[in-house]
Amino acid sequence: MASIRKLPEELIGKIAAGEVVERPASVVKELLENALDAGAREIEIELVAGGAERIRIRDDGSGMSAGDAALVFDRHATSKISNFEDLLEVETLGFRGEALSSIGAVAHVEIQTSDDAGAGVVVRAAGGLVEPPEPRPRSRGTTVEVASLFFNVPARRKFLKTAPAELRRVVEVVQGYALARPDVRFSLRSERGTVLDALPAGNGLDGLKRRVAQLFGEELAAHLAEVDRSPRPGTSIWGFVGDPTTTRGRRYFVFVNRRLLRDRAMMSSFYRAVRETWHGSEFPALFLFLDLPAAEVDVNVHPQKAEVRFREPRVSSDLFLAIRRGLEISLGEVDAPLTAAADLAGAPLSWQGEGGRTKASLSGSVSAETGDGNLAAELHEEALPFSSSRLAEISYTPPQRTPVPLSGRSGAVRSLRVLGQYKGTVILLEGSDGLYLIDQHVAHERILYERFRADLDHDVPESQRLLEPVLLEISAAEALRLAEMAADLEGSGFEVTSMSGGTVALAAVPAALRPSQAEKLLLELAHGGGDGGGETGHLRERLLDALAASLACRAAVKMHEPLSADQMEAMVAELFASDQPYACPHGRPIVLKMTDRDLESRFGQR
Amino acid sequence: MEVRIKRADFLAELMPMQGIVERRTTIPVLSHILLQANSDRLQLASTDLDVSLTSWCEAEVKGEGGIAVQARKFLEIIRSLVGDEVQLVLEDERRLSIVAGKSRFKINGLAPEDFPTLPTVGEEEKVELPFTKLKKMIGKIIFAVSTEESRFQLNGALFKLKDGAVEIVATDGHRLALVENEIEGSRDNDGVLVPRKALQELQRFEDEGNITFCRGEHHLSFSLGKRELTCRMLEGTFPDYERVIAKDNDKRARFVRKELAEAIHRVSLLTGDRARAIKLRMSPNQLVVSAANPDLGEAVEELSSEYEGDEFHVGMNPDYLGHFLSALDTEKVELELKDENTQCIGHPVEGQDRRYLCVIMPMRI
Ligand SMILES: Nc1ncnc2c1ncn2[C@@H]1O[C@H](COP(=O)(O)OP(=O)(O)O)[C@@H](O)[C@H]1O
Ligand SMILES: [Mg+2]
């Protein structure tokens, strides 16, 4: 075994850099934070090759004196905190004093800066070697230029994506800060021209709304409801939540004290509020600000500062209530059924929805446990003491007339008996442990979907040209994402060309989709499905999934269509032989079950 | 209310009411027809709140008043009765007795106050044209009206008045149909969007006379004899359609309409949801129509054409072409084409209309 030795300083720098600097977007993030901390009113960003060649950020903030400028590349050199108490009350975006030293370790960096008094100075660092400052006249403010990122860390450089892909990530970062500070002007240029230019839009809710319009278009801004709540003095929750037309974009931005976060706990308050208010699993746009005394949050949890801790435990329920109110407003009415449901006499029978559970798990990964068809086991999850239940005590095997073999993929055969059809819409089945209800349309849809999906793998989808191209207003980042996917989009029947700014024109769509479906799908793709948001790899699959789902929905038996007993049996058997019998391609439940326990409690036998 | 009416006259006015009445409505009164007797008439009205129809027939009125009756049942009853005359008497506010020959019915209804007030349409703009002409024009474009609800501004046709002409245009984003004819006394306007249902109801009318079209602030009306159909205008901007009518399609092919329509119909038997396109291969004096469907198989048909240009092919939805060909009333049809990505423009050869054309966007197959 090698003996222990102290690492050379240069290597320590590179290792530390790895924590802060991952790609051009993380450099831009750090430099933007510095500019904002310096009180800039106007920030200009210029990129070459998505930032891999060069990143230049110019601000009109406070600038630095020659003396301070000499220290910026020292690790843990910061003007923002000086003692442990300060750390507890961080009000600036940066405070670790690591960014510039880290960037200086892995790139060529040049900083020109001048404060009110100074005559201006330039400092340079390359691969961790810092040159002494030299005078250079400049007006107040700072320009940081980062060239040849990772020139001395080939392994990292290799992992950079194509220029458009890196640029897109930068745009996403800039959008985040631009939302956090609508009062500041942000502009971003690449070698191909202006990507984004947001003029100062003012403060407060109005300023934020204007900024949303600048970044994502007037259309989105017109579909937002205000969130505004101050649960305690010093704490306020404000911003906007979208109405149901805004679900396609996955535009969720949450800021704590103007710091953009992807905090899981906060997001789950949002998800919960949407599910409970809308009873759906699609989520609207969210631009939410939580402002509270600096002493009440701990942002020192994560090196990239994406998560926080709150000293006040009520914060998550405050968020939940604030968002829920906004959601109610966005629906145009306050949700009455919530209270009416408590009225037992008039309430419908409530039963356990198979599909309900599946739907929740679909948003993560299609859950293996619901996929393998062991119906009984799934349904009796953390079951209440079944021994006390009289109906269940009767061991009952359905009459043998037509046992439908429900093998599923697990192969375990159980028999259910078709009782009949309700209103030409729902198939009723009797099982030994309860009553099953199957929505015939979605069941058939699921069966056809799997068939069509398999076929599409070797067909070329037909494409229908449009009379007039549909113009879609999307953000610059989304336009770039679409550009990355061009080949796959074309292969599945889309023809997309980008116009000026964030507008794209849709000239042809897959013939299997109705125009509005095609538009919606494209916007979803543009914004990048999946919470990671990044990868375009499974694009073709996703496109084909969507085509198959649309075809299946159209071809499937409709509601109010009487089926013979044989037809119902065949359908149920085929359903349970499919890969995912419990949720349709759109995530709607297929099978509902009323357990004996439900029936008993309704009939008052308990 | 107490009236005597001629059963045949009454039935003639009653039948068109049924088209307006919502079949699956959640507002019960909308499945009703309003009957109202005053001076020498029995007036009828039905509405779905967007489209309404009023009419009347001559009656011997002994007592005025009104009631709303369930449309479908009432029509069935009147239709099944024997005898030339029907007597309608209001028993009380919500009960109507019907007597004809030896039959007597007493049916329940709703008070006339429960029936929605129908819009009165102003006369900001007013033109008159022969109804048969309008009806033919509607028939030539209605197939292109979009049925997709999310694109509400395409769920109707554009009626645009020009100096001395009227133009009607419909599109669903994949194809567009336009027809234009002379009328007297019209002046340029920016067009109004007439909902599909109103067009459909107009098509059912039979009348030799003139129809008067009025445009109010939010509503339109079409009056034809005793009948007046009113509807709410659709809001929204209609596409700039002149732009999509390509002017530089240099390949022109003529066909006998019936031959082309039949060939397309036969070949399209092998299209389906997953492969809906047919392929048109043009070569001098010949067209080959074909379809290939992974589920079903293949079909090919050749037919002769008047075509001189280069050989090329284009994919198309056969329904789009078929709808246009069956709306045409000429012996021959001309298709203007350019290449596989450019719209096909079809128009009649020596047609009656001042202008009639249908633009169809191709499919890639
Ligand atoms: N754009 C800028 N304008 C003014 N001062 C800056 C700017 N960028 C960096 N600085 C100074 O350099 C210091 C070090 O920056 P950095 O390494 O990012 O650490 P941190 O931001 O965590 O303090 C900051 O504390 C600040 O004093
Ligand atoms: Mg910093």
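Which residues are buried in helix 17 of chain A? The structure is a predicted model, in which local features need pLDDT of at least 70 and side-chain atom pairs count only at pLDDT 80 or more, while totals for chains, interfaces and linings use all residues. Residues are numbered from 1 along each chain as its sequence is written, and chains are lettered from A and ligands numbered from 1 in the order in which they are written.

Helices (H or I, at least four residues) and strands (E, at least two) are DSSP runs, numbered from the N terminus. A residue is called buried if 20 or more other C-beta atoms lie within 10 Å of its own, exposed if 12 or fewer, and partly exposed in between, with C-beta atoms placed from the backbone. By this criterion, the buried residues of helix 17 are Gln440(A), His441(A), Val442(A), Ala443(A), His444(A), Glu445(A), Arg446(A), Ile447(A), Leu448(A), Tyr449(A), Phe452(A) and Leu456(A), so that the helix is mostly covered, with 12 of its 17 residues buried. The end C-alpha atoms of helix 17 (residues 440–456) are 24 Å apart, which agrees with the 24 Å that its 17 residues should span at 1.5 Å a residue, the expected span being 1.5 Å times one less than the number of residues.

Gly502(A) is found in the loop between strand 22 (495–498) and strand 23 (503–510) of chain A, and Gly502(A) counts as buried because it has 22 C-beta neighbours inside 10 Å. Gly502(A) lies 8.9 Å from Leu215(A), C-alpha to C-alpha, although the two are 287 residues apart in sequence.
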